[in-house]
Amino acid sequence: MQLTPLHVKENTRIQYMSHELLFLAQSGQPYRGSVYVDFTSLGETFDLRDFKKYLTSLRDKKFNAEDIASEIYETIAKSIQTENLGILVDLTARGGIQQRLCYGTEFDAVQKENIFQIR
């Protein structure tokens with residue numbers, strides 16, 4: 001899937017995060033987690049609706065857990081021009097083991113509270 005590029009100011013540092021990552025392991029069991037995206041714009045970013053559709057499309061696909069960060073990286077890299085693109089994926093624990101996967105440029109994932117969330 002190609003993400004639709006949108007024009008933004010060059011050299012803007014952009015970070016996106018979603019807690020809605022869901023995909024299937026080779027066994028067919030689901031993996032859930034959060035994905036963090038960080039990059040410096042070369043004048044482009046991507047449409048967030050497309051990114052949401054892309055993340056949703058992963059729910060029907062099977063991946064080795066260790067490959068999901070590179071899969072997301074490659075999709076973004078094919079869609080827009082960036083510098084310092086980094087992907088971080090935190091998967092929920094399975095069998096008591098937590099996984100954090102990084103691909104591309106390393107960065108610290110900053111989590112902001114969703115102010116519209118109902119508790």
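Predicted model: local features only at pLDDT ≥ 70, side-chain atom pairs only at ≥ 80, totals over all residues.
Local features are given where pLDDT is at least 70 and side-chain atom pairs where it is 80 or more, while totals for chains, interfaces and linings use all residues. Residues are numbered from 1 along each chain as its sequence is written, and side-chain values use heavy atoms, with hydrogens and water left out.

**View 1. Strand 2 and strand 3 form a hairpin.** Strand 2 (13-24) and strand 3 (residues 30-41) pair in the antiparallel sense over ten bridges, where strands are DSSP runs of E with at least two residues, numbered from the N terminus, and pairing requires at least two DSSP bridges. Tyrosine 16 stands opposite valine 37 in strand 3. Five residues lie between the two strands of the hairpin, in which glycine 28 takes a positive phi near 95°.

**View 2. Threonine 45 is a buried residue of strand 4 (residues 44-46).** Its relative accessible area is 5%, and buried means under 20% (1.4 Å probe, protein chains only). The side chain of threonine 45 makes a polar contact with that of tyrosine 16 at 2.7 Å, a term for N or O atoms within 3.5 Å, one able to donate a hydrogen and the other to accept it, with residues adjacent in sequence counting only if both atoms are side-chain atoms.

**View 3. Ten residues are not the whole story of a surface, but the lining of the second largest pocket includes Tyr16, His19, Arg49 and Phe51.** The pocket has a volume of about 210 Å³, taken as the space filled by probe spheres set on grid points joined across faces, edges and corners. A pocket is an open set of points on a 1 Å grid over the protein atoms alone where a 1.4 Å probe fits, with protein on both sides within 12 Å along at least five of seven lines, and lining residues have an atom within 4 Å of a point. Strand 2 and helix 1 (48-57) each supply at least two lining residues, a helix being a DSSP run of H or I with at least four residues.

Technical notes. Buried < 20%, exposed > 50% of the residue type's maximum accessible area, 1.4 Å probe, protein only.
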